[in-house]
Amino acid sequence: MMRRRTLPFLLFVLAGLGLLFVPPSLQAQTPSGDEVGPLLRDIVNRTEAALQVSKTAEEAQSVADVKAAADSVFRAVWGISSGIAPTEAKGGVAHHGWKVRWQTTEAAFDSAFAARMGAEAPEINDPKKLGIMGRARHLRSQFAVAPDSADPETPGARYSHDAIVAPLSNVIGWMRMDNGITKGELQPRVDLTYRWDAPMSFWKSTADTGWLFEALAQAQNILKTAYDGDVEMARDHAAGMTQLLKKSLEGVDANGNGTVEAKAQEGGLRAALEQAQAADLARR
């Protein structure tokens, strides 16, 4: 008479067949709601505040007021002022370099590269000091699936919680910091090519590089334009900035099915927040 298989034995068999196997890296990449929820809510709130500033600029009484609003939007997105005075339309725009924006050091790459370039930490090592973009990049990094010995891919090529990460990436861009080999050294490279299987519509859209960068570029355009007192033109440009910020928040119905979905090319920050709430990673 055959003895009854015990539950532990059956679990062992199923695990051996891979039917119950969950990669440890995926198990480890379930971020804490204590961090995800407040940070994502903060990102949404800051974008909403920037949107309100942009709307105010549409009714501004002077070109200088429109430019001041554009600088406020720039600061909200980037974490620092543009460096261009509201009464000017010239000068270089202040930008964080890749080292600060991506919160990394040369030591993260080839030892020879670090020896040449140094391995000091970024001057700003707190992403909360980088504005909406830096905060959102930090948030997305919490979902990056670490490679394991069986799959030694670059961290960031895969993410858990795609329904949160996809709309977030639409806003801040799908780029990740990768390794590129130059002169025999592993050097930093901002990479989009890991999305090699994306449809052609993705590459034709602006979701690949990030909708929030469009709003940032419009703010820069306003700051760099010599309006010669033409406040109506400045207001029109502010209206364009408003629409770009709205897109970052609300997303777009790219496939025309009447719904903005939490996926590439569609969802925005609100969709990311809704999905985080559904996953119990943010309070409603």
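User: Which strands form a hairpin, and how many residues lie between them?

Analyst: Strands are DSSP runs of E with at least two residues, and helices are runs of H or I with at least four, numbered from the N terminus. In this predicted model, where local features need pLDDT of at least 70, side-chain atom pairs count only at pLDDT 80 or more and totals for chains, interfaces and linings use all residues, strand 1 and strand 2 form a hairpin with two residues between them. Lys183, in the turn, has a positive phi of about 55 degrees. Residues are numbered from 1 along each chain as its sequence is written, and side-chain values use heavy atoms, leaving out hydrogens and water.

User: In which sense do strand 1 and strand 2 pair?

Analyst: Two strands pair if DSSP finds at least two bridges between them. Here strand 1 (residues 176-182) and strand 2 (residues 185-191) are joined in the antiparallel sense by seven bridges. Asn179, for example, has Pro188 in strand 2 as its bridge partner.

User: How is the packing of two helices described?

Analyst: One gives the angle between their axes and the distance between the axes. Axes are lines fitted to C-alpha atoms, for helices over the stretch in contact, and angles run from 0 to 180 degrees between N-to-C directions. Helix 10 and helix 11 pack at about 165 degrees, with axes 8 Å apart. They are therefore roughly antiparallel, since angles under 35 degrees count as roughly parallel, over 145 as roughly antiparallel, 65 to 115 as roughly perpendicular and the rest as oblique. Residues making the contact (heavy atoms within 4.5 Å) include Leu212 and Ala215 of helix 10 and Leu245 of helix 11.

User: What is the angle between helix 4 and helix 7?

Analyst: That angle is about 20 degrees, with the axes 2 Å apart, which makes helix 4 roughly parallel to helix 7. Ala76, Val77 and Trp78 in helix 4 meet Gly131, Ile132 and Met133 in helix 7.

User: Which residues have the most contacts inside the largest nonpolar core?

Analyst: A nonpolar core is a set of buried Ala, Val, Leu, Ile, Met, Phe, Trp, Tyr and Cys residues joined through side-chain atoms within 4.5 Å; buried means under 20% relative accessible area, exposed over 50%, partly exposed in between (1.4 Å probe, protein chains only). The largest has 63 residues, and Leu139, Phe143 and Leu245 have the most contacts inside it. Beyond its neighbours within four places in sequence, Leu245 touches residues including Thr47, Leu51 and Val73.
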